[in-house]
Amino acid sequence: MKRLCTMVIGVSLAVAFASAPAGAAPADSIVGLPAWDQAPSAGQGSAAGLRGVVSFGPSDVWAVGAAGAPQDRTLAEHWNGSSFSVVPSPNRADRANTLEDVAGVSSNDLWAVGHSDVTNTGAASTLAEHWDGTAWRIVPTPNAAGGSTHNSLTGVAAVATDDAWAVGTASTFRPGLLAITLHWDGSTWTKVRNSCGQGLSDVVAESSSDVWAVGGDHTCHWNGTTWTPLPAAPDFSGFSVQLQDVAIVSSNDVWAVGYALYGCGEGECATGEIQHWTGGAWEFVTHAVPVLYGVDAVAANDVWAVGLGLGPGIEHFDGTDWSQVPSGARIGELFAVSASGADDLWGAGDKGSNTSGALVEQAPSPNSGAVIGRTHVSNAVVSWFGPESGSVTTDPIGGAYQVGGLTAGTYLFTVSYGGCIPDSKRVTVQAGTTIAQDFHLNCGG
């Protein structure tokens with residue numbers, strides 16, 4: 001599910017970004033937030049990509065995905081506080097194997113799920129692997145549509161050693177696409193009956209009786225006994241909703257993110273979709289960067305979402321508003337985000353649709369910071385000179401700018417626009433912190 005939607009919208013991304021609301025304009029609430037930047041990921045070649053991430057603390061982070069050309073073997077990486085290393089993970093022979101998500105109750109009790117694809121046939125089997133603190137091993141999982149059709153797991157959540165959920169999508173000739181819900185009872189994965197629509201992308205569990213799953217324009221809730229389907233809110237603009245991930249703050253405070261598709265030219269464009277559950281029904285909240293794939297919540301006033309903008313997209317909710325936050329990477333996309341606390345944030349993805357290698361981002365960055373501000377002049381050029389140099393163009397609507405991933409140190413920032421008197425200021429960038437610096441261009445008005 002997560003990988004498919006990248007291909008659907010990729011052609012029209014530039015148009016989608018231009019059509020998205022001005023979420024890129026910095027809000028005062030962004031100042032002081034942890035600054036994001038790339039963390040070193042274990043090298044696995046240009047075809048490596050990460051799809052899931054989970055953090056148990058600053059020195060215990062797991063990320064999973066696939067490696068190979070094409071992506072034909074599972075990839076599991078572990079962060080020990082200073083570097084990532086590849087941890088061997090098994091594969092089914094003569095198949096292309098991918099891990100799509102990872103979750104666990106502890107660093108010695110992890111689940112990773114995905115699929116094993118039969119080359120050139122379209123058939124695929126569900127795949128689940130368990131980490132017991134020593135090794136990953138494949139654990140048998142049922143296929144909702146039978147092994148000769150396509151079965152894919154894309155989300156996993158764990159409540160306890162004997163209580164975990166995996167969700168995904170099965171493709172059959174009749175009735176077509178089906179949502180998969182599998183439950184782990186401590187010894188066996190079994191199918192659980194559901195009416196959760198035509199596929200699920202991800203799942204999150206607060207307790208054994210409070211589990212949420214999302215996919216397409218459907219959400220589904222497990223109350224400990226049954227799955228209850230609940231429709232997503234209609235998009236404010238009437239677009240087609242495609243939810244990708246869900247996060248729980250409390251039973252009446254749940255967030256879902258994804259994207260909404262709309263016709264543009266001869267194809268489809270996308271804009272990020274954010275919805276909120278406060279009990280009773282889902283509510284549309286706002287659009288965001290073109291695509292959102294992952295969401296995680298630290299607290300009611302500290303929620304993070306990641307995806308794809310002009311490069312990796314990162315959004316933050318402060319309890320009142322959603323705002324776009326600078327990313328430390330210039331290219332790439334983030335498919336998952338995990339937070340063990342307000343000061344331990346991780347995002348995982350790739351550096352461009354599985355063609356340039358795995359991407360991991362971390363906040364607060366130990367080496368770099370971010371700068372945001374306003375110039376009040378659209379399409380002005382903001383440049384910086386110091387430990388590194390570069391430039392960005394201000395927002396076409398409000399003249400705001402954002403720069404992330406700047407090596408800590410002192411910079412000369414300048415802003416210019418044709419026909420205006422430029423402005424410049426010295427700016428000290430602090431590692432791990434987002435700071436504000438406004439400029440004033442004298443344009444004779």
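**Close-up 1. Salt bridge between Asp423 and Lys425 in the predicted model.** The two side chains meet at 2.9 Å, N to O. Asp423 is buried, at 16% relative accessible area. Lys425 is partly exposed, with a value of 30%.

**Close-up 2. Salt bridge between Arg73 and Asp72.** Here the N to O distance is 3.9 Å, within the 4 Å cut-off for a salt bridge. Arg73 is partly exposed, with a relative accessible area of 36%. Asp72 is also partly exposed, at 32%.

**Close-up 3. Salt bridge between Asp350 and Arg51.** The side chains meet at 3.2 Å, N to O. Asp350 belongs to strand E27 and Arg51 to strand E2 (residues 49–57), so the contact ties together parts that lie 299 residues apart in sequence. Asp350 is buried, at 0% relative accessibility. Arg51 is buried too, with a relative accessible area of 3%.

**Close-up 4. Open sheet of four strands.** The strand order is E1-E28-E27-E26, and the pairing is antiparallel. Strands E1 (37–39) and E26 (333–341) form the edges, each pairing on one side only. Neighbouring strands of the sheet are turned by 30° against each other on average, direction ignored.

**Close-up 5. Pairing of strands E26 and E27.** Seven bridges join E26 to E27 (residues 344–350). The two strands run antiparallel. Ser338 has Trp346, in E27, as its bridge partner.

Definitions and conventions: Residues numbered from 1 in each chain as written. Predicted model: local features only at pLDDT ≥ 70, side-chain atom pairs only at ≥ 80, totals over all residues. Heavy atoms only, no water. Pairing = 2+ DSSP bridges. Axes fitted to C-alpha atoms, helices over the stretch in contact; angles between N-to-C directions. Buried < 20%, exposed > 50% of the residue type's maximum accessible area, 1.4 Å probe, protein only.
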